[in-house]
Amino acid sequence: MGVFGLMNDAPLISILTFFPLVGALIVGLLRSNDAARVRAMAFAVSLVTLFPIAFMWLNFETYPAGGGLQFVERHDWIPSLGVEYFVGIDGLGLLMILLTGIVAPMAIQASSGSPKNPRLYFALILFLQAGLYGAFTALNFFHWFLFWELVLIPSYFLIRNWGGPRCRAAALQFFIFTMVGSIAMLVGFVALYQNAASFDFMELAEGARNNGAATMAIFVCVLLGFAVKVPLIPFHSWLPATYSEAPTPVTMLLTGVMSKMGVYGFVRILLPIFPAQVEAALGVLTALAVLTIVLSALAALAQTDLKRMLAYSSVNHLGYCMLAVFAASQYTSVDPQWAAEKSAALSGVIIQMFNHGVTAAAIFCFIGFIEQRSGGLRGVDDFGGLRKIAPVFCGLMGISLFASLGLPGLSGFVGEFLIFKGVFALNSWAAALATPGLLVTAVFLLKILQRVFSGPLNEKWAGFAELTTREQMLVAPAVALMFVLGVYPQLFLNLTNSTVVRIVNQLAN
Amino acid sequence: MSEATQTLWLIPTLPLLAAGALALTPRDNRTAAKALSIGSMALALLLSIRGLLESLRLQGDHGVAREFFNFVWLSFGAGEAGVLKLGVVLDPLTAVMLVMVTFVGLLIFIFSVGYMEHDANFKQFFCFLSLFAAAMLGLIVSNSLLLLFICWELVGVASYLLIGFWFHNPEAAAAAKKAFITTRIGDMGFLLGMVWLYAETGTLLFYDGGAGCLEQGAIAAMVAKTAAGGIAVSTCIALLIFCGAVGKSGQLPLHVWLPDAMEGPTPVSALIHAATMVAAGVFLVARMFPVFEAVPPGAEGGATALTIVTWVGATTAVFAALIAVAQNDIKRILAYSTVSQLGYMMLGIGVGGVAVGMFHLIMHAFFKALLFLGAGSVIHGCHEEQDIRKMGGIKDHMPWTFYTYAIGMLCLTGLPFLVGFVSKDEILVSALHGNTDSLVSLLPFLMGLFGAVLTSFYMFRQVFYAFYGEYRGGDEHTPHESPKVMVAPLVGLAAALVFFSLPKLNPWGWFSGFLEGGHHHEIPTGHVAVVIFLSVVAFLVGASLAYRLYFRRGIRSADAPDALQERFPEAFETLAGRFHVDELYEASVIKANAWLAKMADLLDRKVWNGITQFVTQVAVMFAWFARLFDEYVINLGFDFGCRRVNDGGRFATKPQSGQIQSYLRVIGISLAVGVLLLTWGCSGS
């Protein structure tokens, strides 16, 4: 009891955020430059962060009064500017830090082989992890933005220094795109501050939208920042190059967690603060979401590089989230049926964010394994018949691919079903137009299974190794989550329910 | 709630547990594979029989007896509207379907032990079969459209795994993918229909004590509302859901996957692609029948959704039967026959209701499973030969296979007084009844009759080719009878068919009463007599044509042209080429899809990327201007000042010449930036 009592009062979120930061420093200053030892150290640091997260999960109140925030820490920082150190989580935040806590250690372990300059490499990943924790828990724009940028910088260097042959160009493109988005957002929030004199997300959501502080121009600025991050077509052209040139463990983080920052921004910031503006631009935004879903699925079908294919697939999956976010922001009467539909859509968004994070990270992890065995080759036509000699590899990757295409019984289905349920009621045509995306996704994911694993064995790969025990252990938690969340989604819906209800109520006011 | 309903969930769960356990079993543990899968299936059969008995016991004189058990799966919002329930239901439809699937399934499992004996992935095969059985049984017991959809998709994935079981064969891998994708096209409609239904009725439970989506209140609400174009919402939903059924049950135009699915091992073809899974589409329509038959009060004519079901069914029945006439692969003939018979079932539901369609479904499951297993036995006995032209005369080598096959085939073709005759006859009677007022409304009946002629013809053709005459498979080996473990299921299925055909038993009367709760349609005996007469004629015409063409003339050699081919070469080519539907899709849908994918990729590479590049160039140009401005406008002034200072300083600091210049430059630029910022800040406020 004593320990738990202590933990209850401890600034858990701050510990969570700064622990990997300290860990990064320690890893960076290690004396050994042996990749395996540095990795082990970084992995330990990264994994330990799951403890405070688990503690928060266990002590998370499912239905707090008002659906409010928990584990809040709030301190004055620069009072004259309304800047506070203000962190806390609700269901959305909890799932996102949990996702980070799962994917980051996975990415560290997936960095096998020996990256050059391992100390810096692993320190940067830990740095990135800290930034992610910060960005998913901060509730004041000021330090939220710091963390948002903190994520950008290590990923830029990771892509630039450890990436594929064209990584420098990719890293630059990634940096410029996200930087432009960030600056637009910064300008937007500074302008918002001018109008509303607050940087506090909660205050802004409650107050700013009523007194005309949120204007269309500000909305567009902020939208740009998030739309680049998710991304929403046409702000996505940095993504395929970045995902394919980044070292695979970094791609796991990019698609698994960083892409969620954008969706998180939409749900946490954009929807609550700018409901009127979203509503005004609803036609365009919905059209963009549908285009994102369909075009990215089609573009994925045209790719031959597995990483590029899955990169587009990632855009496609987050497109459903965008579609649901926009549908949920539609003005409706206060009928409980509409509240239920919006709740379905938003629950679907959050569940989809988590599930996609785990599934996509697992799939990229498998692609990393393939790359390690093939010396970097990863074309969909470079292989063939691998199932014969690597059945477990094929089985586990197959499960992940089916989870990704939304097979019921696996995790991907729940989110997509809830999204379609909500969106159809709110905007039937958008839902109907988005369904081809589901179909084409199945086509290219099954194409991977067919070309890489079926058919006669390509003799060139007769020595292709089956998954090692270590590799199996690495992906096992992710695969287990796909089953657990597919069969018992209530496990997480319990956490998100009050959050979703709160957002829906906010939207209705 | 009876105990049978309480334990209903065990029926799908047992095979599911077997599948899960087998997935984790070492690869070479064949005993575990056999024991777990067959054991779980046998238990499921016992539980199903118990369910059927219970259902019979519950059946009163009026209405359909129904028990259900619902539970919360997830909740996504506040209040009752945010709770999503699933459930299981025991009613006559569930009960008969359960017994059929577990019985046929059990026999096919036993058959597979012999058929797959030499396969290295024996254990995996039984794992997949059990997974399939679990999903199929789950689909049957579910009391929620969502649970049904979940199992529906799992059935699809099990089918994918089993069609592609011999994955090293590229055709099998391609067929598996094709099956999954083609059915998924239909499933997109199903998904939309489901979410629409959910939006309209607020529930996906079929029965919920008056609040279910198939019950009075929900149906009335859906009928009363109209969608775009003035069509009742119930009709739209029914048709969207029907898309799923079209895909799964291989109806036109999504039938193309089913013949290709024959790349899978033959027990798979029997279990999945003849007896159970493909019938799931028909079952779905039967389950959702209240939505299909709903018509707005006071509307003229029948329900639009059912009319479409009827026409799709009738067209498919004839279309596939025509193709079957010109096929040479023993399994493909049966595959097209299955497509055609599924068409009959749809036709039956469309014109005669649930009982008519379901009766044919159940009977077809027995005789088509028997035929597929018989074909498997033939293929096994002829050393993996599937071409009927290279068979011949095997009735003497494989007597057990032959006689059981004959019973199945006579049921399919509709030899009078066998049970297959009865079930087809009921469909035709219903198609005729009440539809005699115009040629158009009579057409489904005529198509059904024509299909019957074709069915009789292609099955007799196949049997004459394969079992009669001289063996044409070369001299290396002769056909041999299959082992007992494979023959026994054949005998079991044949015995069941003979049993159903006993005149005293009259299964149809019992069946329709059971399924429809005593509402028996009275059909004038005149119609019945006409249809019986015409059916017999159809059977005889088909059989005698085949007899003349293939039996009396005999088949001379394996590469001799077909008797029909000699007479009508062009027509035969078209039929043998399956009306070139696959080529048509290849040239249209698949090309279009590939083209769209290419366009999306180009759009990305050229347009979006082009815009990015353009913006980047503009930004770079802007940066250049800024630099020029900096260097030649701002810096000039400072440079001037600096030079002055420098000149002075040079004298004083001769030893360190050059250093200070750079310091000053830095300071100067900082100063300039500071001044600029300040000015901007002041003018802004």
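# Reading a two-chain model

Mentor: Let's begin with one pair: A:Gln70 has A:Ile89 as its bridge partner in strand 2 of chain A. Before we go on, this is a predicted model, where local features need pLDDT of at least 70, side-chain atom pairs count only at pLDDT 80 or more, and totals for chains, interfaces and linings use all residues. Residues are numbered from 1 along each chain as its sequence is written, while chains are lettered from A and ligands numbered from 1 in the order in which they are written.

Trainee: How many bridges join strand 1 of chain A to strand 2 of chain A?

Mentor: Strands are DSSP runs of E with at least two residues, helices are runs of H or I with at least four, and both are numbered from the N terminus. Two strands pair if DSSP finds at least two bridges between them. Here strand 1 (residues 70-78) and strand 2 (residues 83-89) of chain A run antiparallel and are joined by 6 bridges. The two strands of chain A form a hairpin with 4 residues between them, and A:Gly82 in the turn has a positive phi of about 70°.

Trainee: Which residue other than glycine has a positive phi?

Mentor: Have a look at A:Phe71, with phi near 55°. A:Phe71 sits in strand 1 of chain A.

Trainee: What about whole chains? How many helices and strands are there in chain A?

Mentor: Chain A has 22 helices and 2 strands. Its radius of gyration is 22 Å, close to the 23 Å from the globule rule for 509 residues, so chain A is as compact as a globular protein of that length. That radius is taken over C-alpha atoms, and the rule is 2.2 Å times the number of residues to the power 0.38. Along the principal axes, the C-alpha atoms of chain A fill a box of roughly 70 × 55 × 45 Å.

Trainee: And what radius of gyration does chain B have?

Mentor: Chain B has 34 Å, whereas a compact globule of 685 residues would have a radius near 26 Å. The box for the C-alpha atoms of chain B is roughly 130 × 65 × 55 Å along the principal axes. Chain B holds 26 helices and 2 strands.

Trainee: Now helix packing. At what angle do helix 10 and helix 12 of chain A pack?

Mentor: Axes are lines fitted to C-alpha atoms, for helices over the stretch in contact, and angles run from 0 to 180 degrees between N-to-C directions. Helix 10 (residues 216-229) and helix 12 (residues 248-273) of chain A pack at about 150°, with axes 7 Å apart. Under 35 degrees counts as roughly parallel, over 145 as roughly antiparallel, 65 to 115 as roughly perpendicular and the rest as oblique. Helix 10 and helix 12 of chain A are therefore roughly antiparallel.

Trainee: Is the crossing of helix 10 of chain A with helix 12 of chain A left-handed or right-handed?

Mentor: Left-handed. The word applies if the near helix is turned anticlockwise from the far one by less than a right angle, and right-handed if clockwise. Residues are in contact if their C-beta atoms, placed from the backbone, lie within 7 Å. In helix 10 of chain A, A:Val222, A:Leu223, A:Phe226 and A:Lys229 meet A:Met261, A:Gly262, A:Gly265, A:Phe266 and A:Leu270 in helix 12 of chain A. This contact has 6 nonpolar, 2 polar and 1 charged residues. Ala, Val, Leu, Ile, Met, Phe, Trp, Tyr, Cys and Pro count as nonpolar, Asp, Glu, Lys and Arg as charged, and the others, Gly among them, as polar.

Trainee: Which residue does a cis peptide bond join to A:Pro231?

Mentor: A:Val230, with omega about -5°. Another cis peptide bond joins A:Ile233 and A:Pro234, with omega about 10°. A:Pro231 is in the loop between helix 10 and helix 11 (239-245) of chain A, and A:Pro234 lies in the loop between helix 10 and helix 11 too.

Trainee: How many residues does the contact take from chain A and from chain B?

Mentor: There are 44 residues from chain A and 42 from chain B. On the side of chain B that touches chain A, helix 7 gives the most, with 15 residues. By class, that side of chain B has 27 nonpolar, 9 polar and 6 charged residues.

Trainee: How far apart are the axes of helix 20 of chain A and helix 7 of chain B?

Mentor: They are 10 Å apart, at an angle of about 160°. That makes helix 20 of chain A roughly antiparallel to helix 7 of chain B. This crossing is right-handed. The contact of helix 20 of chain A with helix 7 of chain B has 16 nonpolar, 2 polar and 2 charged residues.

Technical notes: Two residues are in contact if their C-beta atoms, placed from the backbone, lie within 7 Å.
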